[in-house]
Amino acid sequence: MEHVLCGKCVRCGREYPAVPDLKTCGCGGILDITYDYDRIRPRLTKDVLAGRRTPSMWRYRELLPVEADTPAPPLRVGWSPLYDAPRLAEQLGLKELWIKDDGLNPTASLKDRASSMAVAKAREAGAQVIACSSTGNAASSLAGNAAAAGLQTYIFVPSRAPQGKVAQLLTFGATVLSVQGSYEDTFELSKAAIARWGWYDRNAAVNPYLSEGKKTVSLELMEQLGWCVPDYVALSVGDGCTIAGVWKGLKDLYALGLIDRLPRLISVQAEGCCPLNRAIAEDAPWRPMEENTLADSIAVGVPRNAEKALMAIRESHGLVVNVSDEEILEAQKLLGRTCGVFGEPAGVTGTAGVRKLCEQGVLGAKDTVASIVTGNGLKDVANAIRANGSPISVAPDMQQLLQAFADNGIDPA
Ligand SMILES: *Cc1c(COP(=O)(O)O)cnc(C)c1O
Ligand SMILES: [Zn+2]
């Protein structure tokens, strides 16, 4: 990998050679993969990309930490649609709003970007078995991407994981351990099992390559926007790996001269579980919190990538905002009704934060915002039905239909 320099500890600065099974620093800090931008700059230009057909995250191979001959894993991950959302922008009072629907990845969340990278690196490491712990989406994405590549998976999820995600895991043939405990308990058990059996580790806060997969969402966002940088990029935050990846991608593009400024990040967490946003708001070290939100994917009381996430928010002069479960379900409806986009609760939490900042007058008519929907609503239909109520029940009869319309105050004529 001539274009990769090393893995550098974000805590103590120590540098490690970028071997395929690279983990955390001896000091416990998380590593950041560093690149030789001078080498990459002439190879990855706007023109090169414009002529490239690969409709996946692997179109940015020059900026990914893999060997030249490592095959891209089979599932088509990335190149998710970016929608202009003029009606929602108008409703919120924003100049421009774009919605990047990463729920349309093969296993229906942004986590596919990290899992595709994990599968590529596991192959380089010669591993046959990959393992992770997850609130649900990292698990289902790993199971799917590994299945497509012929690798075996051990997956640890908290027992609260929604049925849709568990159904995916079982369908993809993972060995699924449903842990009777919190996400923290789940993480610790997976860590001990990985240490014991030596499986390839797809825990995003341990394996530094996974953020590099996640950063492709920013690379795409900017290419899809014609390299015009929005003022803000909003997304939901749990462990903090995603927001760290998003920031890494933006900084890569800036270092390569593909964008001429950096947007500010908007970190959105649930009121019932916001340890990272609280640390920013109080300008204090983060402290654990209860995992008290229906947005299961970001119910992370002990964030595993706090250092990188806090650094990303601070470096970008970012905003932090917390939203209630009601505001999350409200945003789910709003995205559905104005954009036809169906996100899971954690998937729409970024947009819920944008809406709240508009209501507070922090964002307004001069601002352009890109909001990332990180997971698909079909993963968790129970909460969507809870937010939206039931359909109108009717017998198969025209008189009954007329009556039902009348009863519900609907005039179809
Ligand atoms: C994992 C996840 C997040 C948050 O990502 P972190 O890296 O944990 O901060 C947000 N939304 C969805 C749908 C997710 O699955
Ligand atoms: Zn270190």
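Visitor: Where is the place of T34?
Guide: T34 lies in strand β3, residues 31–35; strands (E, at least two residues) and helices (H or I, at least four) are DSSP runs numbered from the N terminus. This is a predicted model, in which local features need pLDDT of at least 70, side-chain atom pairs count only at pLDDT 80 or more, and totals for chains, interfaces and linings use all residues. Residues are numbered from 1 along each chain as its sequence is written, chains are lettered from A and ligands numbered from 1 in the order in which they are written, and side-chain values use heavy atoms, with hydrogens and water left out.

Visitor: Which residues does T34 touch, leaving out those up to four places away in sequence?
Guide: T34 touches V4, L5, C6 and K8, where contact means heavy atoms within 4.5 Å.

Visitor: And how far apart are T34 and P65?
Guide: They are 31 residues apart in sequence, and their C-alpha atoms are 9.1 Å apart in space.

Visitor: Changing topic, what are the protein donors of the zinc ion, ligand 2?
Guide: The SG atoms of C9, C12, C25 and C27 lie 2.3 to 2.4 Å from the zinc ion. Donors are N, O and S atoms within 2.8 Å of the metal (3.2 Å for Na, K and Ca); water is not among the atoms, so sites may look incomplete.

Visitor: What is the geometry of that site?
Guide: The site is tetrahedral, with angles of 102 to 119° among its four donor atoms; four donors count as tetrahedral if all angles lie between 85 and 135 degrees.

Visitor: What spacing do the donors follow along the chain?
Guide: The donors of the zinc ion follow C-x2-C-x12-C-x1-C.

Visitor: Now the helices: at what angle do α4 and α5 pack?
Guide: Helix α4 (residues 111–124) and helix α5 (residues 137–149) pack at about 45°, with axes 8 Å apart. Axes are lines fitted to C-alpha atoms, for helices over the stretch in contact, and angles run from 0 to 180 degrees between N-to-C directions. The two helices, α4 and α5, are therefore oblique to each other; angles under 35 degrees count as roughly parallel, over 145 as roughly antiparallel, 65 to 115 as roughly perpendicular and the rest as oblique.

Visitor: Which residues of α4 and α5 meet?
Guide: Among them are V119 and R123 in α4, and L142 and N145 in α5.

Visitor: What about α9 and α10, at what angle do they pack?
Guide: Helix α9 (residues 216–224) and helix α10 (residues 241–255) pack at about 50°, with axes 7 Å apart.

Key: Four donors count as tetrahedral if all angles lie between 85 and 135 degrees; four count as square planar and six as octahedral if opposite donors are over 155 degrees apart and all others between 65 and 115; anything else is irregular.
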